[in-house]
Amino acid sequence: MNCSHCGREVTGRVIVRSLTLAKALPVVQMESTPERDWICCDACNTIICHDCCCYPTSGYCDTCIEKYKLHDHLAQIGLIPGREDHCL
Ligand SMILES: [Zn+2]
Ligand SMILES: [Zn+2]
């Protein structure tokens, strides 16, 4: 797998576990391996390495944060730091 932005190979992976709570409620658990240095954007499914996105903790690539104006929303719910810490 490679970063769609800089093209370098990314490391780490996501383990998806399916559980059933109380024998009725299905739950999908996503866990990253510790060396994971990339995200798969929740909006456009682009693979992008942490070096190429400002807010890897948000789960969205910079393009989508810009496009859908997600920054304020994500900062509000605490997924990314506030605007004063913007890395651009
Ligand atoms: Zn990259
Ligand atoms: Zn995206």
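I began with confidence, taking pLDDT as the predictor's confidence in each residue, from 0 to 100, and I found that it is lowest in strand S2 (residues 25-32), at a mean of 90, and highest in strand S4 (residues 47-49), at 97. The mean pLDDT of the protein chain is 91, with 93% of its residues at 70 or more.

I noted that this is a predicted model, in which local features need pLDDT of at least 70 and side-chain atom pairs count only at pLDDT 80 or more, while totals for chains, interfaces and linings use all residues. Residues are numbered from 1 along each chain as its sequence is written, and chains are lettered from A and ligands numbered from 1 in the order in which they are written.

Next I read off the elements, where helices (H or I, at least four residues) and strands (E, at least two) are DSSP runs numbered from the N terminus. The protein chain has two helices and four strands, in the order β-β-β-β-α-α from the N terminus on.

I then looked up burial, where a residue is buried if 20 or more other C-beta atoms lie within 10 Å of its own, exposed if 12 or fewer, and partly exposed in between, with C-beta atoms placed from the backbone. Of the 88 residues of the protein chain, 15% count as buried.

Last, I checked phi. Lys23, in the loop between strand S1 (14-21) and S2, has a positive phi of about 60 degrees although it is not a glycine. Lys69, in the loop between helix H1 (62-67) and helix H2 (71-76), has a positive phi of about 50 degrees and is not a glycine either.
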